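Here are my notes on the model, as numbered points. Please read them alongside the coordinates.

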Amino acid sequence: MQPQGETDQVLVFKTSQDDAVAFQKIYRRYWHDMYVLAKRKLHAEAEAEEVVQEIFVDFWERRETLNIQNLQG
């Protein structure tokens, strides 16, 4: 279920336009779920945190060229 507020598509677009606030909203919206999934797969908290952080860093660095259709997926 989509949280209230801006849609993922709008936030992804704004992020691609260098909007750091939109990126922060995506981060806050998805960090915990990604962490839980990574922790379940890796069985280690520190490694799960690191993997999720690396994903978000990569997302920010490639924000102008990424073609994300389903952020939640």
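**Notes on helix packing and salt bridges**

1. The face turned away from the buried side of H3 carries Ala46 and Glu61, both exposed. Exposed means over 50% relative accessible area, buried under 20%, and partly exposed in between (1.4 Å probe, protein chains only). Helices are DSSP runs of H or I with at least four residues, numbered from the N terminus.

2. A word on the basis. This is a predicted model; local features need pLDDT of at least 70, side-chain atom pairs count only at pLDDT 80 or more, and totals for chains, interfaces and linings use all residues. Residues are numbered from 1 along each chain as its sequence is written, and side-chain values use heavy atoms, with hydrogens and water left out.

3. H3 covers residues 45–61, which is 17 residues. From first C-alpha to last, H3 reaches 24 Å, close to the 24 Å expected at 1.5 Å a residue. The expected span is 1.5 Å times one less than the number of residues.

4. Which residues of H3 are buried? They are Ala48, Val52, Phe56 and Phe59. These four lie on the same side of H3, because they cover an arc of only 65 degrees around the axis. The arc is taken from the directions from the helix axis to the C-beta atoms. The buried residues of H3 pack against helix H1 (8–16) and helix H2 (20–42); contact means heavy atoms within 4.5 Å.

5. Now the core. The largest nonpolar core has twelve residues, among them Leu11, Ile26, Tyr35 and Phe56. Such a core is a set of buried Ala, Val, Leu, Ile, Met, Phe, Trp, Tyr and Cys residues joined through side-chain atoms within 4.5 Å. H1, H2 and H3 each supply at least two residues of this core. H2 gives the most, with six. In soluble globular proteins, nonpolar side chains tend to be buried together.

6. Ala22 is one of the core residues. Leaving aside neighbours within four places in sequence, Ala22 is in contact with Leu11, Lys14 and Thr15.

7. How many salt bridges does a search of the whole structure find? The search finds six. The criterion is a side-chain nitrogen of Lys or Arg within 4 Å of a carboxyl oxygen of Asp or Glu.

8. Arg29 pairs with Asp8 in a salt bridge, with the closest N and O atoms 2.6 Å apart. This pair links distant parts of the chain: Arg29 sits in H2 and Asp8 in H1, 21 residues apart. Asp8 counts as buried, at 6% relative accessibility.

9. Arg63 and Asp18 meet in another salt bridge, 2.7 Å from N to O. Arg63 is in the segment after H3 and Asp18 in the loop between H1 and H2, so the pair ties together parts 45 residues apart in sequence. Arg63 is buried at 16% relative accessible area. Asp18 is partly exposed at 42%.

10. Arg62 forms a salt bridge with Asp58, at 3.0 Å between the closest N and O atoms. Arg62 is partly exposed at 42% relative accessibility, and Asp58 is partly exposed at 32%. Elsewhere, salt bridges that share partners join Glu6, Lys14 and Lys25 into one network.

11. Last, Asn70, in the segment after H3. Asn70 is exposed, with a relative accessible area of 52%. The side chain of Asn70 reaches the backbone nitrogen of Gln72 at 3.3 Å. A polar atom of that side chain also lies 3.1 Å from the backbone nitrogen of Gly73.

Definitions and conventions. A polar contact is a pair of N or O atoms within 3.5 Å; within protein, one must be able to donate a hydrogen and the other to accept it, and residues adjacent in sequence count only if both atoms are side-chain atoms.
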